[in-house]
Each structure stands twice: as C-alpha cells, then as structure tokens.
Amino acid sequence: MSAKHKELELVSVTKRYGATVAVDAINHKFQPGGYACLLGPSGCGKSSTLRMIAGHENVSEGSILLGGTDISDLPPAKRGTAMMFQNYALFPHLTVAENVAFSLKMRGIDKPERLNKAGEMLELVDLSALGDRLPDQLSGGQQQRVALARALITRPQVLLLDEPLSALDPFLRIRMRGELRKLQRELGISFIHVTHGQDEALALADEIVVMNNAVIEQAGTARDVYNAPTTAFVAQFIGGHNVIALPQGRFAIRTDAVGISQSDQSNLQGSILAIEYQGAHVSVLARVAGDQDISALVPESTFFNDPINPGDQVGLIWDDANLHKLTA
Ligand code: ADP
C-alpha cells in the first residue's frame, strides 16, 4: 500500500484523567510494517494508549511521532492512522458500500470515486458481493470485515484495532485472527492491536508490548516475551510459566521445561497436588518446600509410561539453562 514504512514512536507519553494516571510516561518504537499487540489486563492503559495514537484522546504529556513528525496535536483524519472499533460502529441505515465510503464523503470526494474506492476495499476483504446489503443483514465476521474495509479506505500508515475480535464467538475469533494476520502481511502497513488475551497476542503479533499499571513491563518479539519473560507479572500473564523462588534468586521457567522424576535425583522434591488431563499433555501440579506450587506440563505418552497420583512424592527436574531470572 505504501512504498516506505513510517516508524511510530511514543516519547514519554502520559495520559491523565483527573487524578488517575492511565498511561505513565511510556516510550516505545513500533517496528515499521509489523503486527504489534498491546497486551495487558483490563485497566492497564492499553485503550488509552491506542486512543492517543488515533487522536481520539489528547496526550497529557509527551509526544507521538510518525515518521519523525510529531502528530500529537493533529486531528484523527490528518495523522496517517485509522482506527477499527470493538463494536464496529457501522451506520445501520447505510449500505455496506456506503459505510466503507463514509470517510471519503467527509473529505468531500465525489460519489463515483468514493464508491469505486469502496469497491476496491470490499474486494480486499472479500465482500464484493455484499456491498448493497445493510449491516444487520451480515454475520458478525462479515460486519468485522466491513469495519476493516472502512478503516483501510483512508490508506493509513498505521491501523489501530481495539479488541477487534472480542465480539466474535471463539470459533470465528480464531478464523478472523488468521484473516487479520494475512491482511496485514498483504498490506504491509503497521497494525497495532489491543487485546487482553495472551493466546491472541502470541498467535498474531510480530511484537508484543505487555502493559501493566500504566507502564510497559516488557516489549519484544512474541517468542522473546514468551521464552524469556523479565518480570513475574509478564511470566504469569503470558501463561505457561512457573515463577519460583530458589536459593539463587527468583526465576521463571516454562511449565513444559519441568519434568517429573521418580528417582532421588532431582532439582526439587515435591508432593503431587493435582493432575489434569489435557489431551496432548498432562498438567501436574506439585507442592515443594516453602509452600511453592510448581506446574509441569508433561507429554501424554511420557506421563502414562509411568503414571503418578495425587499425594505421591516425586522429583521435579529441569535444565538450569531454562531458568529465566526475573527483575521484579
Ligand atoms: P485498558 O484498555 O487496558 O482496559 P484503559 O486505557 O481503558 O485501560 O484505562 C486505564 C485507566 O484509565 C483505568 O483506570 C480506567 O478506569 C481509566 N480511564 C479510562 N478512560 C477514562 C475516562 N474517560 N475517564 C476517567 N478514567 C478513565
């Protein structure tokens, strides 16, 4: 869509609502042309960050740069960004094509050109046949694609998506996330997608920005954040990790990097609290000295070669190279 990607940069961006600090002096350079997810629990400041980038909320302090230009004070339509909302916000009385063309109408572009452009966008999201329908004659997934086409018609450098999949049922959500990823690759523009779902962020993102309590706790590629969380919060929020205190410090270790041994040679001894069959894996929860609970995700066949039961004493084993030291 655009020959050259512009880098989006947040420079010490703060958002206050009265006495509430929703976003606290965050700094981040988004990878140009990448798929980024802002991930974190409800209330951590994700939407405020997105709305400031979009220009729907003013910045209390700091600045937002796109391609080196400060866009903090520009109106939303002049920024080179576009937003796709959670509830899609389609106009019920306008056809699909008119909905998609709406922002061009606001820019004074004449009707034939508007509808021509809308047709191109509907083709992009695979809805060419449905341009004359009204929004309530579409499925949830189709409405979402209309909302995408409507945001993309302004040819933004950066597409902002606020929990775009949360209104869909789980089956459709997984299908649509594949479509979002494909569309982002085809367009080659930056997507910034807000979600509180770690599986959604891992599945979609080139880059995950984990927020907590109004700050960025960790940012990196999906694999880096998952494989090497730097704080206890990130390890717990991203899932699939134990956070354990050992004599040499506090660490995160993936649950699938912990094994069960019935011999005396182990890193720690514990007693089995619970066993949960999960199909491909069996999740084993053990309590070790100091009342710490450690979870081991054991391949199903390994588990059933030598089954264990709640109450059994076992050894927990791991390779120390898989321990990640935590800072907080
Ligand atoms: P998230 O998207 O991560 O759920 P938000 O950015 O919506 O978080 O909210 C961050 C904090 O700012 C929360 O404490 C929230 O209650 C507060 N907040 C958000 N919007 C407003 C607003 N318009 N007025 C006052 N407080 C707000």
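Is Lys15 buried or exposed? With a relative accessibility of 3%, Lys15 counts as buried (buried is under 20% relative accessible area, exposed is over 50%, and partly exposed is in between, with a 1.4 Å probe and protein chains only).

## Before you dig in

What you have here is a predicted model, where local features need pLDDT of at least 70, side-chain atom pairs count only at pLDDT 80 or more, and totals for chains, interfaces and linings use all residues. Residues are numbered from 1 along each chain as its sequence is written, and side-chain values use heavy atoms, with hydrogens and water left out.

## Around the ligand

Let's start with the ligand. Helices (H or I, at least four residues) and strands (E, at least two) are DSSP runs, numbered from the N terminus.

Now for the polar contacts, meaning pairs of N or O atoms within 3.5 Å; within protein, one must be able to donate a hydrogen and the other to accept it, and residues adjacent in sequence count only if both atoms are side-chain atoms. Ser48 puts a polar side-chain atom 2.6 Å from a ligand oxygen. For Lys46, an N or O atom in the side chain sits 2.9 Å from an oxygen atom of the ligand. Cys44 takes part through its backbone, with a polar atom there 3.1 Å from a ligand oxygen. On its own the ligand exposes 560 Å², and the protein buries 59% of that (accessible areas come from the Shrake-Rupley method with a 1.4 Å probe; for residues, only the protein chains shown count as cover).

## Salt bridges

Searching the whole structure turns up 11 salt bridges, each a side-chain nitrogen of Lys or Arg within 4 Å of a carboxyl oxygen of Asp or Glu. Back to Lys15: it forms one with Glu57, and the closest N and O atoms are 3.6 Å apart. Glu57 sits in the loop between H1 and strand E4 (61-66) and Lys15 in strand E1 (residues 8-17), so this pair ties together parts that are 42 residues apart in sequence.

Arg16 pairs with Glu61 in another salt bridge, the closest N and O atoms being 3.0 Å apart. That pair links distant parts of the chain, with Arg16 in strand E1 and Glu61 in strand E4, 45 residues apart. Both partners are partly exposed, Arg16 at 36% and Glu61 at 40%. Then there's Asp206 with Arg181, at 2.7 Å from N to O. Asp206 is in the loop between helix H6 (198-204) and strand E9 (207-212) and Arg181 is in helix H5 (residues 170-187), so the bridge ties together parts that are 25 residues apart in sequence. Asp206 is partly exposed at 24%, while Arg181 counts as buried at 11%. Salt bridges with shared partners also join Lys15, Arg51 and Glu57 into one network.

## His241

His241 belongs to strand E11 (residues 241-246) and is buried, with a relative accessible area of 10%. Its side chain reaches the backbone oxygen of Gly239 at 2.9 Å, and a polar atom of that side chain also lies 2.9 Å from the backbone oxygen of Tyr226. Leaving out residues up to four places away in sequence, His241 touches Tyr226, Pro229, Ala235, Ala252, Ile253, Arg254 and Thr255 (contact means heavy atoms within 4.5 Å).

Gly131 is in the loop between helix H3 (111-124) and helix H4 (140-152), and at 10% relative accessibility it counts as buried. Not counting residues up to four places away in sequence, Gly131 touches Thr95, Val96, Ala97 and Leu122.

Two of those names, Val96 and Ala97, come up again in helix H2 (residues 96-106), whose buried residues include Val96, Ala97, Asn99 and Leu104. The buried residues of H2 pack against H3 and H4. After H2 comes Gly108, with a positive phi near 80 degrees.
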